Amino acid sequence: MGNEQETKKGVDKEVMKALRAARQETIRRVSAQVKEQKKIIASITGELKKGPRTVPEIADAVGLLPREVLWWIASLKKYGVVLEGEKQGAYFAYRLAE
Amino acid sequence: MEDQRTPLPDVADEPRVGVYICHCGGNISDHVDVEALCEKAEKIPGVAVARRNVFMCSDPGQELIMEDIRSGKVNRVVVASCSPSLHESTFRNALERAGANPYVYEHANIREQVSWVHHGDPATEKALKLISAAAAKARLLTPLEPLRVDARRRATVIGAGIAGLRAAVDLARRGLEVVLLEKTPFAGGRVASLDRLAPTGEAASEAILSLARQVMEHPGISFHSCARVVGFDGYVGNFSLEVEVEPPAPEDAAVLSALKSEGEGGPRFVPSRGAVLGDPPAAQKRFRVDTGVVVLATGFQPYEPRKGEYGYGEMPEVVTLPQFIEALRDADADGSFLTLGGRPIRSVAMIHCVGSRQIPGVHEEDASGHLNEYCSRTCCSATLFAANQVRTRYPGTRVFEFYRDIRAYGRGQEELYQEAAHNRVLFFRFEPEDPPRVERADGPTGTPLVVRVKDTLTFGEEVQVPADLVVLAVGMEPAGIQDLVKMMKLPVGADRFLLEVHPKLRPVELATTGMLLAGTCQAPMDVTEACNAASAAASKASALLAKGCVQLDPFVAEVDWDKCRGTGACVEACLGDGAIERVDVVVDGETVRRAQVVSALCLGCGACVAVCPTGAIQVKGSTLAQFEAMVDAIASDPAA
Amino acid sequence: MGTCQTLSYDALVVGGGIAGLQAALDLADQDYSVVVVERDASIGGTMIRLSKVFPTLDCASCITTPKMAAAAHHDKITLLTYCELETMERDDRGRVRAVVRQKPRYVDEDKCIGCRQCEYHCPVYVPDPDQGNFAARKAICIPFSNAVPQVAVMDPESCMLCGTCAKVCPTGAVVYDQQPRKIVIEALTAVVATGFSVTPLEDKAQYGSGTIPNVITALQMERLLAPHGPYNRVLRPSDGMEPDSIAFVQCAGSRDKSMGIPYCSRICCMYAIKQAMLLSGALPVADIFIYYMDIRAFGKGYEQFFQNARAMGIQFVKAKVALIEPGEDGAVTVRYEDQLNGGTTTASHDLVVLSLGKVPGWNPEGRCALTVGPDGFISGPEPKLAPTRTVEEGIFAAGAAVGLKDIVDSIAEASAAAMHAANYLQSRKKALEAVA
């Protein structure tokens, strides 16, 4: 089921150039989003560097809604950045992976 | 998806066992320390590699195993996961795809036997012992070839109710010879006593006749009425049934001859009895049917209420739903009141869940100590359908339904419920602990009966409903087939219905390969569901017989004639009816008796191995040496 | 549109969920060649996204993945994933001719080895619908851990063309300018098994229109209960608290003319009971409530399952929930008419699960000549004796596509459809041989 076009490592520069031109709008939007995401990740991991924290604690510290923090914790946990720690009351604390 | 087979890994080499540990999501890993287990498993003698995966049965999991086989890293495989009944064949297939013999495989059950029953360190320790034992056995495994037996391209269907008819037609169209056996003189089973089918109102007679015509017209189907199975043996591909037919009982014979005088033609329908397909047997006769598969379509029987249950058997005005449906069928087509036996019925009380959804401690057990704890699935719709018929045909007759939950689950069924409400059928809901009471009316209600109930829809108010007739929506029970169950060793569930291997993995198969389930012998079903089940059974049968031969696991006994002294102890111990016989063989010019195994009949149970005085008989894939190695592994301290 | 090729098989199966896979396996086991066309990037359908399944409580993966693997490795079965069926018609020779559009994955299926390097290195986090949107996946990723095939998929709408994935891919499989592909499939018969979908949370204004974070769908609860779910445990999405009180609201869309779904969705009672049982295992001290109209536990072993749940202390409240509103501190207020005790009552829960209405997963209108009933599900001429027949000769349908049903019933019906299709094939092949 081979696709016709050549697919070699280090994608064809001309192809990328044309695509980048065609998808300008998307690239701008996603780039802004990624910048924002990086900031959030940095603030959450920065808070966790101080020690294990629960979702409401992180939310208080970084100024995000708890549900946004939970979303990021779940995502960072999936990609191995964050680990679940001890339970503190009704909440689990999270810490950074080694 | 490459399909190039790498050469068979040389199993004569030093055994290199691969151990593959499944987390089963969290089913295993929540209780067993799989990481530690994996580390320790790798140190078991003969184990070349131990790996783990969230789901070993998934594609990436199987790929782990296959890659190790292809690369030559392992030449024996142990998977530690769920019960082998679920996935042993999955992993054997993976071995085969990787180019290995599928029988250099051993399964360690660390879910049902470990994580579901033990927790913490003891669970991990037991898992390690089971894996050590499996690995010890795996080191001694040798490649085996599956047994191939010729299969007769013929299917036998037992029961010519709606499911049996459906299965027979499907199998015949697929090009298989079909023998259809029915114990009564009529085809159609319980559906014949229905008038119209809920929820859409097709005529039951038409449904039966439509399939009956196809059965009659298809040259590949031979139909035997008044037939009973009296003997059974054999194995998949080569079952043999002893069938006895006898002339119909006098009352049936009278019905049949009356029909016959009306002339010939296609199948004819007799209400409440079924379709007549040809002449019944004129004399008693026995014959043998050799068949590749057996489809059981033995159906159900309605629950017979106990005497006194809601007044049944004590008050003539209390009838069952099947009786009521027949009465409705035979009543005047319409009128202001339903009239039965000359008696105007102004009010009908219908009580749901009679003989279904019984609860231990609440309901009374039957004479044999059983409770029908299951829902019979069809009665809610059938009751609503009958209620709607009454309300539309006889507007003056009021209908009251007493229910626990209305289970109008299927397509078109909720509409029946809404229609009933629209037809002003009145509903009362009761708790099982507080069922309605049917009593003789002593007040001025003008009806012979009164039904009292604590109606939970009106916050437990005690309600009193006058009734000329009480209809009990009786549930389904499996038909009385104890003789077949015993003869064919059929597995039966706690609900007394026949028990499939697994409701999702093998829903229409019995544990004995080649024995299939169609319809209500398995569980309550409506006509649609029974026809689907029957077609599904036909599909499995077709797959089994498609190639004209079937493949069986080679785990059968094998005799070493050098050691056998022909004592015959094994023949006597054999549980597999004729699986071992003694034959004369010539050894050094002398004729001696030796045991010989009929592989296809062998159950692989090992009863023969236990009694052989010379250790001449072994079960392939479970030899004594392999067992000893397992016991040694379990007895030794794996931590040491 | 890229290249167009024509492929021929004995049978076409539309939909690679549990019903489609079972139909394909049954046909292939009878030695017919089968192609399965699946809209999603992986086969497995709804079932592979579930935690455990009633009434046996087997893990859904344990039942689904082997069937997925069996289909993937069967030499008589070809899988075409990420494909939309555009049209399906019977040509003048009575053959089924389907036009399928394969969406671009932006990854070469033959080169991708499923190593996930692209996913690990991609900098863009996007909500993961296969995790109930409770966690992220990346703009390029393997859809989920058990996906078949194990091939990455890129979402061009979330890609900034940074080139990272192509750089880290060990096999050079990333194709940024991949084009959709048109495939024409010719077959003698077809089985349509297009399943169901769930009405959106947003549709139910009385239940908060999806704006209350701790009001979730049953499929989202499946993910919370599943192994490798978003949190690996059950937590309240608003703030990660372990819930103490969980409620299920049944018929939240079904049996409700105002929602346009007058029928019963058939599976919700049982999955709610199942989830309640799993929750009481995961959270032993939590209070669990099920608000219901009728409990429809009708299948083999289902009533016993329901009675076990009652015995375990799960509280069944016969009530119609009128309103769901946000409460204090993430709690959810449920207002209902109590049908047993009377009056309107209010209760507060930490987490509320809605059994939303189920609708057909696919509408044949404009794509093929199949008919649907007033409920929108595929209808046929013989609903009693041959429920899988459709109005088109040689085209059969099975599973939830022909009316909602649970997994057990879908599997049986899929095998039934395979039987009818096999018989149709048998007669067609005979006829073709006679002509030749």
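Trainee: In what order do the strands of the open three-strand sheet in chain A run, and with which pairing?
Mentor: This is a predicted model, in which local features need pLDDT of at least 70, side-chain atom pairs count only at pLDDT 80 or more, and totals for chains, interfaces and linings use all residues. Residues are numbered from 1 along each chain as its sequence is written, while chains are lettered from A and ligands numbered from 1 in the order in which they are written. Strands are DSSP runs (E, at least two residues) and helices likewise (H or I, at least four), numbered from the N terminus, and two strands pair if DSSP finds at least two bridges between them. On that basis the pairing is antiparallel and the order is S1-S3-S2.

Trainee: Which residue stands opposite Gln88(A) in S3(A)?
Mentor: S2(A) and strand S3 (residues 91-96) of chain A pair in the antiparallel sense over five bridges. The residue opposite Gln88(A) is Tyr91(A).

Trainee: What angle does the direction of helix H4 of chain A make with that of S2(A)?
Mentor: Helix H4 (residues 66-78) packs on the sheet and touches S2 and S3 of chain A, where contact requires C-beta atoms, placed from the backbone, within 7 Å. Axes are lines fitted to C-alpha atoms, for helices over the stretch in contact, and angles run from 0 to 180 degrees between N-to-C directions. The angle is about 125°.

Trainee: Which strands form the edges of the open five-strand sheet in chain B?
Mentor: The order of that sheet is S18-S27-S21-S22-S23, with parallel pairing, and its twist averages 25° from one strand to the next. Each edge strand pairs on one side only, and these strands are S18 (318-320) and S23 (426-429) of chain B.

Trainee: What is the bridge partner of Phe402(B) in S23(B)?
Mentor: Strand S22 (residues 398-403) of chain B and S23(B) pair in the parallel sense over four bridges. The partner of Phe402(B) is Phe428(B).

Trainee: Which element gives the most to the side of chain B that touches chain C?
Mentor: The contact takes 64 residues from chain B and 62 residues from chain C. Among the elements that give two or more residues to this side of chain B are helix H2 (59-70) and helix H13 (527-545). The element that gives the most, with 13 residues, is H13(B).

Trainee: How far apart do the C-alpha centres of domain 1 and domain 2 of chain C lie?
Mentor: The domain bounds come from an automatic or database domain assignment, which gives domain 1 as 4-103 + 180-195 + 361-435 and domain 2 as 104-178. Their contact takes 15 residues from domain 1 and 10 residues from domain 2. The distance between the C-alpha centres is 28 Å.

Key: Contact = placed C-beta atoms within 7 Å.
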